[in-house]
Amino acid sequence: MTRMLRIGEFARLTRLSVRTLRFYDAEDVLRPAEVDIRTGYRLYALRQLQLASRIVALRRLGLQLSEVREALTGEHAERQMLSATRERLERSIVCQLVALRARLERADLALADAPVGLRLEPARWVASVGDRLAAVSDVSELFLELRRGLDRPSCGREGVLWHRCAGEGALTAAAFVEVPRSTRARGRVSVFELPAVEVATVRTVDDDDAAELGYRTLRDWMARQGHTLQGPKREMPMPAQPGWLEISFPFRAVAPA
């Protein structure tokens with residue numbers, strides 16, 4: 001019998017995040033070999049490790065997901081997608097050089113745009129289930145439990161509330177999805193209102209290393225401003241920008257002296 005890998009193990013072997021693998025499945029770029037009909041667990045075959053490596057290589061070369069999907073259909077298609085990407089990158093480099101020269105001509109580089117954005121996050125009704133995790137990738141199991149515990153499918157925004165991160169000595173998280181207030185839930189799933197709150201945000205590529213850099217940026221900003229965290233940190237994929245992630249820190253502003 002061919003050995004099958006669960007999504008967490010496949011993620012470790014390919015160095016792709018579980019979030020990325022779930023996204024690739026939804027975008028029909030890298031589908032699991034099987035899905036357990038009883039548990040909903042995604043299962044991958046060993047032969048798919050080579051396919052994952054090829055996808056990673058194409059993405060590093062700058063191919064968009066739609067181009068990767070087309071490139072995987074054959075060698076001729078891959079050459080066409082690589083040529084299109086080369087032309088796009090050449091145009092992008094010219095634009096970046098123009099922007100670089102313009103920035104160098106600025107009298108005060110300290111006025112450059114800061115990477116941290118501020119906004120008021122509206123209140124949301126959400127369904128959620130949380131637990132203490134052994135690894136970050138285990139959050140995918142919370143999403144499975146969350147979907148099984150809802151009385152209807154939800155197409156609202158989803159994300160993760162991080163109550164404690166690895167740097168704080170433990171991993172405690174809750175998966176959530178936006179739902180109507182009238183939604184009924186089963187098992188450990190609860191429905192409640194996330195309150196409106198002011199947040200500091202960073203947008204980053206949905207990748208473990210990039211996400212960690214985003215968290216570090218927000219932690220440093222909070223320390224410089226003297227603000228305090230007001231609730232769990234939030235991660236939400238950005239539907240309008242597939243493959244991107246928004247990290248938010250709810251905060252309470254320090255009172256002026």
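For the residue classes used here, Ala, Val, Leu, Ile, Met, Phe, Trp, Tyr, Cys and Pro count as nonpolar, Asp, Glu, Lys and Arg as charged, and the others, Gly among them, as polar. The model is a predicted one, so local features need pLDDT of at least 70 and side-chain atom pairs pLDDT 80 or more, while totals for chains, interfaces and linings use all residues. Numbering runs from 1 along each chain as its sequence is written, and side-chain values use heavy atoms, with hydrogens and water left out.

On to the cavity (a set of points on a 1 Å grid over the protein atoms alone where a 1.4 Å probe fits but cannot get out; lining residues have an atom within 4 Å of a point). There is 1 cavity of 30 Å³ or more. The largest cavity holds about 80 Å³, the volume being the space filled by probe spheres set on the points, which are joined across faces, edges and corners. Its lining splits into 4 nonpolar, 2 polar and 5 charged residues, including Arg6, Tyr41, Glu141 and Arg147. Helix α6 is the top contributor, with 5 residues (helices are DSSP runs of H or I, at least four residues, and strands runs of E, at least two, numbered from the N terminus).

Ser137 is buried at 17% relative accessibility (buried is under 20% relative accessible area, 1.4 Å probe, protein chains only). Beyond four places in sequence, Ser137 contacts Gly8, Arg12 and Val18 (heavy atoms within 4.5 Å).

Glu121, in strand β4 (residues 117–121), is buried too, at 2%.

Technical notes:
Buried means under 20% relative accessible area, exposed over 50%, partly exposed in between (1.4 Å probe, protein chains only). On a 1 Å grid over the protein atoms alone, a cavity is a set of points where a 1.4 Å probe fits but cannot get out, and a pocket is an open set with protein on both sides within 12 Å along at least five of seven lines; lining residues have an atom within 4 Å of a point.
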